[in-house]
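Hi,

Here's the structure I said I'd pass along. Have a look at it first, and then read on for what turned up.

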Amino acid sequence: MKKELSPEAQRALRRLKTDEIEAIQKSNPFRNERNEAIYSLRKLGLKHSILSEITGISLTQMKKICPGKRREEQKQLGALQAGIGPLTEEIIALREAIEESLKNR
């Protein structure tokens, strides 16, 4: 027996076109196409829980397909920190050179 959709999921489903509904279903054999369609709906503001309910994909898997804002921000922060690492070393070396230069005056 199939579980009935929540009112919020029903509203979201009514706004989607038939081809969009087919594209996001768990049964879609073209996983990349499905994930891209899900990701685009997530960017439009649909919640993970609603997408999970509509597609039949577990909430855990849904969050892997389209991570939330916090996870995206953490990835961006990690990339930024990775880029700053070598720059920090250069700044320290430059500061040491300046201090050495000032000592020799």
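One term before the rest: when I say that parts pack or touch, I mean contact, that is, heavy atoms within 4.5 Å. Also keep in mind that this is a predicted model.

Let's start with helix 3, residues 31-43. Which residues of helix 3 are buried? They are Arg34, Ile38 and Leu41. Looking down the axis of helix 3, you'd find these buried residues within an arc of 60 degrees, so they line one face of the helix. They pack against helix 2 (18-24), helix 4 and helix 5. Turned away from that buried side is a face with the exposed residues Asn32, Glu36 and Lys43. After helix 3 comes Gly45, which has a positive phi, near 115 degrees.

Glu33 also sits in helix 3. Leaving aside residues up to four places away in sequence, Glu33 touches Ala23 and Asn28. If you want a sense of distance, Glu33 and Gln10 are 23 residues apart in sequence, and their C-alpha atoms are 23 Å apart in space.

Now for helix 4. Why call it largely enclosed by the rest of the structure? Because six of its eight residues are buried. Those are His48, Ile50, Leu51, Ser52, Ile54 and Thr55. The cover over the buried residues of helix 4 includes helix 1, helix 2, helix 3 and helix 5. Helix 4 has a glycine after it too: Gly56 follows, with a positive phi near 85 degrees.

In general, a pair of packed helices is described by the distance between the axes and the angle between them. Here the axes of helix 1 (residues 7-15) and helix 4 (residues 48-55) come within 9 Å and cross at roughly 75 degrees. Angles from 65 to 115 degrees count as roughly perpendicular, so that is how helix 1 and helix 4 lie to each other. From helix 1, the contact is made by Glu8, Ala9, Ala12 and Leu13, and from helix 4 by Ile50, Glu53 and Ile54. By type, the residues of this contact divide into five nonpolar, two charged and no polar.

Ser58 is in the loop between helix 4 and helix 5. It is partly exposed, with a relative accessible area of 42%. Ser58 and Lys26 are 32 residues apart in sequence, with 9.5 Å between their C-alpha atoms.

The C-alpha atoms of Lys64 and Asn35 are separated by 9.9 Å, and the two residues are 29 apart along the chain.

Cheers

Definitions and conventions
Residues are numbered from 1 along each chain as its sequence is written. This is a predicted model: local features need pLDDT of at least 70, side-chain atom pairs count only at pLDDT 80 or more; totals for chains, interfaces and linings use all residues. Side-chain values use heavy atoms; hydrogens and water are left out. Axes are lines fitted to C-alpha atoms, for helices over the stretch in contact, and angles run from 0 to 180 degrees between N-to-C directions. Helices (H or I, at least four residues) and strands (E, at least two) are DSSP runs, numbered from the N terminus. Angles under 35 degrees count as roughly parallel, over 145 as roughly antiparallel, 65 to 115 as roughly perpendicular and the rest as oblique. Ala, Val, Leu, Ile, Met, Phe, Trp, Tyr, Cys and Pro count as nonpolar, Asp, Glu, Lys and Arg as charged, and the others, Gly among them, as polar. Buried means under 20% relative accessible area, exposed over 50%, partly exposed in between (1.4 Å probe, protein chains only). The arc is that of the directions from the helix axis to the C-beta atoms.
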